[in-house]
Amino acid sequence: MSTENLPQSPGQTPRKPRVAVVFGGRSSEHGISIVTAGAVLRAIDRTQYDVLPIGITQDGRWALTADEPERMAIVDRRQPSVEQLAESGEGGVILPVDPSNREVVYSEPGSVPKALGEVDVVFPVLHGPYGEDGTLQGLLELSGVPYVGSGVLASAVGQDKEYMKRVFTSFGLPVGPYMVIRPREWELDETGARRRIVDFAGEHGWPLFVKPARAGSSIGITKVDDLGGLDEAIAAAQHHDPKIIVEALLRGREIECGVLEFEDGPCASVPAEIPPAQSHDFYDFEAKYIDAAPGIVPAPLTDEQTAEVQRLAVAAFDAASCEGLVRADFFLTEDGEFVINEINTMPGFTPISMYPRMWQESGVSYPELVDRLVQAALRRSTGLR
């Protein structure tokens, strides 16, 4: 399937492929997902595609929203919400879980459901749990609807920092020192779990980074300089995820690299560098999205370093069985070695986000990037592959 007009049914006028852009969601990255969706909606070529914007509210309702990307932005440091964009406070969008029927309907209490037409591909720009973690991908697999990005397994691996690191290690990719506190361990032996973190600090030194194991956008992350800040950091991480991961500080430079799947396989972009945020202790949520700390694209690396980080980025993509796109984040340590920190299977995707900027510098414009991802999804079937 391609952007050539699709037959609606025998004897009817051909139609363009319809792309459902799904955004928002139940995670703490709800607002950032909407900002990403606004950028994607502005970039999609309306002469080639019909577009259906669908927002998922913070309580999980699928809402029909207006196609108004200008409203999907951070204003006065306030993030947008699907509740503000929804065309109705009660109606909901229903995606049939039936591979033989791709027609989406809109239903309101007391009204006859309204057919919204068939959806040919979903562009899910959700970040975090209940969207980027394989849950939505599983629903789309059951529905038989192609979608942009990685499948169920890769999405789940990419969301869970523990299992992501385990996969990387099994493929021989370098990762930094870390430890995990699972919910059951915390519930049964809080004192022992805390002692393990202190022992970890004794082995690797302070500061430590305490993170939710399954969150993104640097939400819930605390840099802990000593024992006095540990309990508060654990509470902040557990607010977003009962499983937490603790990482040792890696001294060096933060380097990112984008991976995009072409017809002949995944390719890496020019890398970027995230310089230390002068007004922030580390590259946290505020630095990324509110104060918009600028990255350096391309990163000032040697040709050998560039080739190595590109190799590792593609290797991480393949190790986790990713599809479509990935942003791979690394540290270039003081010893001159690259250590992979994590991958993002649906990275920040606004025009000023690092992933599109890296591809812009690699010769792929933002609209072309969006089109390539939609085309790749249209070519790919659902199911085992």
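Predicted model: local features only at pLDDT ≥ 70, side-chain atom pairs only at ≥ 80, totals over all residues.
Residues are numbered from 1 along each chain as its sequence is written, and side-chain values use heavy atoms, with hydrogens and water left out. Local features need pLDDT of at least 70, and side-chain atom pairs count only at pLDDT 80 or more, whereas totals for chains, interfaces and linings use all residues.

Four strands form an open sheet in the order 8-11-9-10, with antiparallel pairing. Strands (E, at least two residues) and helices (H or I, at least four) are DSSP runs, numbered from the N terminus. Two strands pair if DSSP finds at least two bridges between them. Strand 8 (178–181) and strand 10 (222–224) are the edge strands, each pairing on one side only. From one strand to the next, the twist averages 25 degrees. Five bridges link strand 9 (residues 208–212) to strand 11 (residues 244–248) in the antiparallel sense. Val210 stands opposite Val246 of strand 11.

Helix 7 (residues 190–204) lies across strand 8, strand 9 and strand 11. Helix 7 runs at about 175 degrees to strand 8. Angles run from 0 to 180 degrees between N-to-C directions; axes are lines fitted to C-alpha atoms, for helices over the stretch in contact. Helix 8 (residues 230–238) touches strand 9, strand 10 and strand 11, and its direction makes about 25 degrees with that of strand 9. Pro207 lies in the loop between helix 7 and strand 9. The peptide bond from Trp206 to Pro207 is cis, with omega near 0 degrees.

Helix 4 (residues 152–159) has Ala154, Ser155, Val157, Gly158 and Gln159 buried (under 20% relative accessible area; exposed is over 50%, partly exposed in between; 1.4 Å probe, protein chains only). Their cover includes helix 3 (135–143), helix 5 (161–170) and strand 16 (338–344). Helix 4 and helix 5 pack at about 110 degrees, with axes 5 Å apart. Helix 4 is therefore roughly perpendicular to helix 5 (65 to 115 degrees). Val157, Gly158 and Gln159 of helix 4 meet Lys161, Tyr163, Met164 and Val167 of helix 5 (contact means heavy atoms within 4.5 Å).

In helix 3, Gln137 is buried, at a relative accessible area of 5%. A polar atom of the Gln137 side chain lies 3.1 Å from the backbone oxygen of Gly131. Beyond neighbours within four places in sequence, Gln137 contacts Gly131, Glu132, Tyr147, Ser150, Gly151, Val152 and Ser155.

Helix 1 (residues 30–43) packs with helix 12 (residues 366–379) at about 95 degrees, with axes 9 Å apart. This makes helix 1 roughly perpendicular to helix 12. Thr36, Ala39, Val40 and Ala43 of helix 1 meet Tyr366, Pro367 and Val370 of helix 12.

Further backbone features occur in loops. Most residues other than glycine have a negative phi, and most peptide bonds are trans. A cis peptide bond joins Val297 and Pro298, with omega about -5 degrees. Pro298 lies in the loop between helix 9 (285–290) and helix 10 (303–319). Arg77 is not a glycine, yet has a positive phi of about 70 degrees. Arg77 lies between strand 3 (62–64) and helix 2 (82–85), and is exposed, with a relative accessible area of 54%. Ser321 also has a positive phi, about 60 degrees. Ser321 is in the loop between helix 10 and strand 15 (325–333) and is partly exposed, at 44%.

Conventions:
Polar contact = N/O pair within 3.5 Å; in protein donor to acceptor, adjacent residues only side chain to side chain. Parallel < 35°, antiparallel > 145°, perpendicular 65-115°, else oblique.
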